[in-house]
Amino acid sequence: MKQFVIAGNSAAGISAVEAIRTKDKESKIIVISDEDYPSYCRCLISYYLAGEVGEDKLLYRPENFYKDYNIELILNKKVLRVDPKKNRVILEDKTQLNFDYLLIATGASPKFPDIAGIKKRGVFGFRTIKDVKDIEKILPYTKTACVLGGGLIGLKVAYALHRRNIETKIIIKSRQVLSQILDFEAARFVQKKLEENGIEIIFGQDAVEIIGDGDTKAIKLESGKIIGCSLVIVGKGIIPNIDLVKETNIKFNEGIISNEYMQTNIPNIYTAGDVCESFDITLGTYAINALWPVAIEQGKVAGLNMAGESFKYEGSLGMNSLEFFGLAVVSLGMYRIKENDTSFEELKICDEKRNIYKKLILKNNLLVGGILIGDIRNSGLYLRLIKEKVDVSAIKEKLLAENFSYPVIKDLLKKEKEKIYV
Amino acid sequence: MKRLYYRIDKCLGCRSCEIACAVAHAGEETLFCAIKQKVLPRKKVYFFEGKNFPLSCLHCKEHPCVDACMAGALVYDKEKGLVIHNEERCVGCWICVMVCPYGAIRPDINRKIPVRCDKCKNKDEPACVKACPTTAILWQEEDFLLEVKK
Ligand SMILES: Cc1cc2nc3c(=O)[nH]c(=O)nc-3n(C[C@H](O)[C@H](O)[C@H](O)COP(=O)(O)OP(=O)(O)OC[C@H]3O[C@@H](n4cnc5c(N)ncnc54)[C@H](O)[C@@H]3O)c2cc1C
Ligand code: SF4
Ligand code: SF4
């Protein structure tokens with residue numbers, strides 16, 4: 001019997017536990033979280049704030065999950081330190097837990113900009129149920145809210161606050177929304193949708209100060225402009241929670257470095273999810289792809305390997321799907337190419353009237369990324385072509401055609417997983 | 001565990017299966033109701049290089065959609081070989097559409113809900129199978145393919 005310790009009780013951690021249990025029903029599994037809740041759907045907290053999803057629907061697994069899977073769950077306790085030499089972790093209350101195998105799936109935390117007043121009451125990150133509950137407390141007194149950052153989290157929060165009838169302004173340093181997943185042209189579609197629905201966006205500006213005596217009263221922008229608001233939500237990216245390995249010989253960069261088995265440089269210590277850097281198949285380098293489906297995949301690979309398999313991870317890639325006021329958006333892998341870089345090829349449809357934008361990026365006849373707006377049908381096929389590195393030279397002009405569908409790519413695929421046509 | 005298979009040489013592309021699917025999933029199970037409610041068929045017949053290919057969710061044994069769903073709205077029922085969609089939990093985030101390797105989920109943008117085959121849950125045979133005039137759609141046990149190969 002082995003002892004598995006899983007630091008982190010979210011997408012990556014739970015996925016790993018489920019994978020371990022497909023191979024090993026007996027060994028002891030201990031899951032630790034510094035949050036106060038059993039595993040929940042982190043991505044749904046903006047829907048929860050919006051009032052679209054009730055607290056009961058946030059639970060990610062049924063109530064008896066931990067019992068059924070024979071897991072010891074430790075909540076509300078931080079893992080302070082990993083001690084790889086002695087194969088143990090040390091918790092904040094000084095408890096020590098030994099492990100045969102450890103998974104570090106501690107996720108990430110919001111990054112706060114270093115500006116005056118950032119610690120004032122009324123300034124929040126947006127990551128946990130607790131954040132929502134804290135925000136909820138001051139909503140009754142809030143007329144205007146400012147959201148710092150125009151990424152996925154920023155826009156989702158803005159949408160939620162808008163749904164709660166709060167006047168919401170998004171402050172963005174760059175000149176477009178979603179600059180980490182969309183090109184400028186595509187971002188315009190999303191921007192238009194948000195603005196049409198009453199969300200104000202201020203581009204080219206950063207907040208330089210949060211003003212107020214204890215409680216937030218306003219923010220000051222670079223331009224000197226002051227915007228009155230009692231609520232500020234920061235959506236300016238994340239930092240992986242790697243404090244627990246900082247004084248060890250476990251290798252990390254921005255995140256903990258993993259190999260293709262989701263293993264760190266210490267053979268019995270694995271890592272998965274937002275906390276780790278893995279090989280990105282479209283960038284060709286190590287990267288953090290802080291995404292739910294990626295955390296699930298990585299957790300699964302880590303879990304299988306911790307239970308004795310030697311399962312190779314094909315690598316991660318950026319994959320985002322979003323929806324704002326009825327506008328569907330998918331972004332896969334590489335979404336923008338450097339100007340004048342002729343090694344890439346672009347296929348594009350832009351139909352402003354129908355609110356449709358589609359762009360695919362190819363390199364050496366392989367699909368490496370794309371953006372779909374307004375019409376996201378069959379986006380899974382593009383993802384598959386990217387992942388399986390399929391040579392698409394024979395179907396290039398069909399890729400964005402109206403009848404693009406599985407039959408079009410069927411004969412080009414290397415592995416046919418499920419056969420349905422006879 | 002029965003699954004859907006298609007005999008491509010027999011499919012005429014008449015779309016009777018699509019219509020039957022929409023009807024079967026309309027409130028009152030009538031064509032009138034299906035049209036009025038704008039029910040999207042969960043099955044679609046694609047035309048490619050002179051042939052017709054009906055397609056709907058394959059209820060894959062490895063099911064990336066279930067793994068990826070961030071709301072826990074998709075569940076795989078191993079015994080029934082069925083991916084079950086709990087519409088109550090679904091938030092319409094389209095992750096499942098993005099990861100389905102067959103393009104078998106249709107996003108119903110108006111209802112903000114992904115639409116996929118449910119093998120007509122409680123019926124003995126899916127509606128599309130019954131509706132196909134040329135028996136191009138087969139409702140067979142899994143090992144059937146092995147026999148075809150022999
Ligand atoms: C509002 C919001 C919306 C999102 N929307 C999307 C989306 O639409 N699509 C998408 O793909 N992704 C989305 N994401 C990202 C997604 O939620 C993350 O990628 C995913 O949760 C990562 O899972 P994880 O298990 O790696 O880490 P996390 O979910 O961050 O979980 C980390 C776990 O570790 C615990 N922990 C951390 N440090 C310690 C410690 N020292 N000791 C003990 N326990 C610790 C935490 O309590 C938690 O249980 C969203 C995120 C947010 C916040
Ligand atoms: S929706 Fe797609 S991935 Fe999911 S089971 Fe059906 S065919 Fe497979
Ligand atoms: S659209 Fe619904 S079923 Fe699909 S991944 Fe999102 S929540 Fe799950």
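1. The side chain of Ser33(A) reaches the backbone nitrogen of Glu35(A), with 2.9 Å between them. This is a predicted model. Setting aside neighbours within four places in sequence, Ser33(A) is in contact with Asn9(A), Ile74(A), Leu75(A), Asn76(A) and Lys77(A).

2. Asn9(A) places a backbone N or O atom 3.1 Å from an oxygen atom of ligand 1. Glu35(A) uses its side chain: a polar atom there lies 3.3 Å from an oxygen atom of ligand 1. Trp292(A) also takes part, with a backbone N or O atom 2.9 Å from a ligand 1 oxygen atom. How much of ligand 1 does the protein bury? Taken alone, ligand 1 exposes 990 Å², and the protein buries 97% of that.

3. The shell around ligand 1 holds 33 residues. Nearest are Ser10(A), Asp34(A), Arg42(A), Arg127(A) and Lys156(A). By class, the shell has 17 nonpolar, eight polar and eight charged residues. Three helices of chain A each supply at least two residues of this shell: α1 (11-23), α5 (152-163) and α7 (292-306).

4. The domain assignment of chain A gives three parts: domain 1 (3-109 + 239-306), domain 2 (123-236) and domain 3 (326-421). The centres of domain 2 of chain A and domain 3 of chain A, taken over C-alpha atoms, are 32 Å apart. Their contact takes 12 residues from domain 2 of chain A and 15 residues from domain 3 of chain A.

5. Helix α8 (residues 379-387) of chain A is largely enclosed by the rest of the structure, because nine of its nine residues are buried. The buried residues of α8(A) include Arg384(A) and Lys387(A), along with Ser379(A), Leu381(A) and Tyr382(A). Lys389(A) follows α8(A). The phi of Lys389(A) is positive, near 50°.

6. Is Lys94(A) buried or exposed? Lys94(A) counts as exposed, at 64% relative accessibility. Lys94(A) is found in the loop between β5 (88-91) and β6 (96-98) of chain A. Along the chain, Lys94(A) and Glu200(A) are 106 residues apart. Their C-alpha atoms are separated by 48 Å.

7. Ligand 2 has 13 residues around it. The closest are Cys57(B), Leu58(B), Cys60(B), Cys65(B) and Cys100(B). The shell around ligand 2 divides into 11 nonpolar residues, one polar and one charged.

8. Which residues surround ligand 3? Among them are the cysteines Cys69(B), Cys90(B), Cys93(B) and Cys96(B). His85(B), Trp94(B) and Pro114(B) also belong to this set. The ligand 3 shell has 10 nonpolar residues, two polar and no charged.

9. The domain assignment of chain B gives domain 1 (1-56 + 119-142) and domain 2 (59-116). The C-alpha centres of these two domains of chain B lie 19 Å apart. The contact takes 12 residues from domain 1 of chain B and 15 residues from domain 2 of chain B.

10. Helix α1 (residues 16-24) of chain B is mostly covered. Seven of its nine residues are buried. Glu18(B) is one of the buried residues of α1(B), and Cys17(B) and Cys21(B) are also buried.

Conventions
Residues numbered from 1 in each chain as written. Chains lettered and ligands numbered in written order. Predicted model: local features only at pLDDT ≥ 70, side-chain atom pairs only at ≥ 80, totals over all residues. Heavy atoms only, no water. Polar contact = N/O pair within 3.5 Å; in protein donor to acceptor, adjacent residues only side chain to side chain. Contact = heavy atoms within 4.5 Å. Near = heavy atom within 4 Å. Areas by Shrake-Rupley, 256 points an atom, 1.4 Å probe, with all protein chains shown as cover. Helix = DSSP H or I, 4+ residues; strand = E, 2+ residues; numbered from the N terminus. Nonpolar A, V, L, I, M, F, W, Y, C, P; charged D, E, K, R; others polar. Buried < 20%, exposed > 50% of the residue type's maximum accessible area, 1.4 Å probe, protein only. Domains from an automatic or database assignment.
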